[in-house]
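Here is a short briefing to read alongside the model. Have the viewer open and follow the topics in turn.

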Amino acid sequence: MLGILFVPLVWIKLTPYLVLTTAGLAFGMFLFMVASGMTIIFGLMDILNLAHGALFAIGAYLGGYQILNLLNTLGWVENGTAGQSMVSLLLAISMGAVGGALVGFILERLILRRVYGDHLKQIMITIGVLYVITELIKILWKPTAEPVLVPLSLQGSYDVFDVIIGKFRLMAIIVGVAMFAGIQLVLNRTKLGLIIRAGVENREMVQVAGYNIGRIFTVVFMAGAALAGIGGTMWCIFQQQVTPEIGLDNLIFALIVVIIGGMGSVTGSFLGAIIVGLSFNYAAFLWPKLALGINILIMATILLIRPRGLMGKE
Amino acid sequence: MTNAKAPPRPILNLQNVHIHIGQHHILQGITFDVEAGRPTVLLGRNGAGKSSTLRTIVGLHPVTSGVIQFSGATIQGLKPFEITRLGIGFTPEDQGVFYNLTVEENFRLSLFEETKQTQMNLETIFELFPDLKKFWRTKAGLLSGGQKQMLGIARAFVNDHKVLLIDEPSKGLAPILVEHLGVSLNKIKDKTTVVLVEQNFYLASQVGADYFILDNGQVVHKGQMKDLVDDQALKKKYLGIG
């Protein structure tokens with residue numbers, strides 16, 4: 001199975017292949033940051049939350065744009081020490097997560113709670129919310145693209161035997177892997193994780209076992225929204241710009257990753273994100289105009305073989 | 001002053017309970033009492049409303065009208081988790097076991113407070129169902145049908161509930177397993193008040209002290225199990241056996 005990863009070597013020389021592979025892994029981790037929250041929310045709550053893109057955008061504006069600009073006035077971002085760069089990134093990520101979680105809380109309590117169990121209404125309402133938040137962002141910030149600062153010590157790249165690895169890409173891989181490990185830790189080693197795993201299987205019995213499923217839904221939705229916020233923060237720093245449509249633009253990739261991985265599976269999303277990230281980079285190098293099409297083709301092929309995705313359960 | 005004893009106060013009491021599921025009027029004025037310490041069996045044909053009654057007690061079906069009291073407190077309208085935490089355990093017809101969790105995780109999930117009593121309950125469970133100890137770290141989905149049923153019952157029992165509602169535990173089990181289940185339920189009923197829904201009359205008669213026969217969402221007959229065992233006409237009329 002892993003051998004498939006080496007197929008592009010037929011067309012690409014080793015050095016650019018390794019560069020593309022690290023870039024693809026980083027892109028995959030960005031995608032995982034968006035998709036993980038979406039799949040957790042679907043898995044437990046059976047909610048198709050297309051407003052997830054809006055939570056991603058909130059994270060980008062609050063964490064990546066607002067906080068880094070604020071910290072830059074203190075001289076921590078573009079001229080700061082390595083420590084100040086790391087603290088700036090940490091604060092930006094934290095703010096993105098808090099912003100996503102708070103908007104997620106309002107969204108779940110005021111709107112989504114009324115459409116539990118009705119996928120059609122969920123899709124229509126969450127698409128509506130996505131557009132409303134996108135327009136609100138234009139009013140609250142600016143309707144045009146805005147530059148996002150990159151902390152000084154995360155600018156540039158490392159040269160490892162002629163393989164160029166961007167510093168921020170490396171950071172994205174670290175953050176993505178840490179997020180995956182953290183989610184696995186919570187799901188497999190805590191009581192909350194146990195309740196979530198049980199809730200994915202049988203929500204009714206979780207209630208009968210003595211747990212307030214409504215409160216757990218809210219907590220999980222906020223956690224999923226926070227993950228989207230972190231993804232948005234990281235993505236806009238990587239892109240060095242933010243636009244109100246940032247959530248809309250990334251939603252299609254998040255959906256591809258979630259579907260490939262199997263709706264509700266975090267591990268599936270992690271694998272799906274790596275597949276999409278790598279294949280997108282290889283395809284963009286070889287046939288730039290076919291990159292997105294190849295991802296959709298991969299998704300269709302996986303679904304033909306495994307209709308519920310890589311890790312989806314019956 | 002009189003020497004007459006006050007009638008025993010029911011631990012569970014349903015008064016004229018009605019429920020609707022969609023357009024259907026499922027329970028049509030169910031009324032019965034369960035006395036503390038007296039195992040009670042709900043009998044009746046398929047569709048009589050037995051399972052719906054248990055699900056209504058634990059809050060999974062909203063009550064249209066009527067009153068449900070547990071230890072004197074009104075519980076209809078409470079959420080299922082609140083009712084469970086008051087002391088009513090429930091094992092549904094499909095066991096309600098989480099197949100993707102291990103046996104241990106199924107217990108950890110059910111155990112919302114660890115006390116000396118729950119630890120003792122766990123030891124009792126291992127005595128009653130030694131297989132559960134043997135497969136402690138096995139995913140519940142890999143257990144046999146009988147073992148899953150044992151896990152479903154044992155999991156509800158671990159929390160020291162005052163009342164344990166068990167829905168058709170013998171469903172789909174081989175006769176030898178039903179026999180074993182009967183032994184286990186007889187031990188459990190000494191420690192908590194069991195309300196059992198059961199189609200297998202032999203098992204029901206082994207466990208129950210009191211019975212209520214349901215038909216069309218109403219209680220149509222009640223009494224002591226020992227009397228029903230010998231009443232062939234009544235069994236034939238309401239249960240189709242005799």
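Chain B averages a pLDDT of 91, and 97% of its residues score at least 70; pLDDT is the predictor's confidence in each residue, from 0 to 100. For the complex, the predictor gives an ipTM of 0.87 and a pTM of 0.87. This is a predicted model, in which local features need pLDDT of at least 70 and side-chain atom pairs count only at pLDDT 80 or more, while totals for chains, interfaces and linings use all residues. Residues are numbered from 1 along each chain as its sequence is written, and chains are lettered from A and ligands numbered from 1 in the order in which they are written.

**Strands of chain B**

- Strand β1(B) (residues 10-21) runs antiparallel to β2(B) (residues 24-35), with nine bridges between them; strands are DSSP runs of E, at least two residues, numbered from the N terminus, and helices are runs of H or I, at least four.
- Two strands count as paired if DSSP finds at least two bridges between them.
- Within β2(B), B:D33 is the bridge partner of B:N13.
- Two residues separate the strands of the β1(B) and β2(B) hairpin, where B:G22 has a positive phi near 65 degrees.
- β1(B) also pairs with β4(B) (residues 65-70), antiparallel over five bridges.
- Opposite B:L14 you will find B:I68 of β4(B).

**Contact between the chains**

- Chain A brings 14 residues to the contact and chain B brings 17, counting residues whose C-beta atoms, placed from the backbone, lie within 7 Å.
- On the side of chain A that touches chain B, α6(A) (191-201) and α7(A) (203-208) are the elements giving two or more residues.
- The largest share of that side, five residues, belongs to α6(A).

Definitions and conventions
Contact = placed C-beta atoms within 7 Å.
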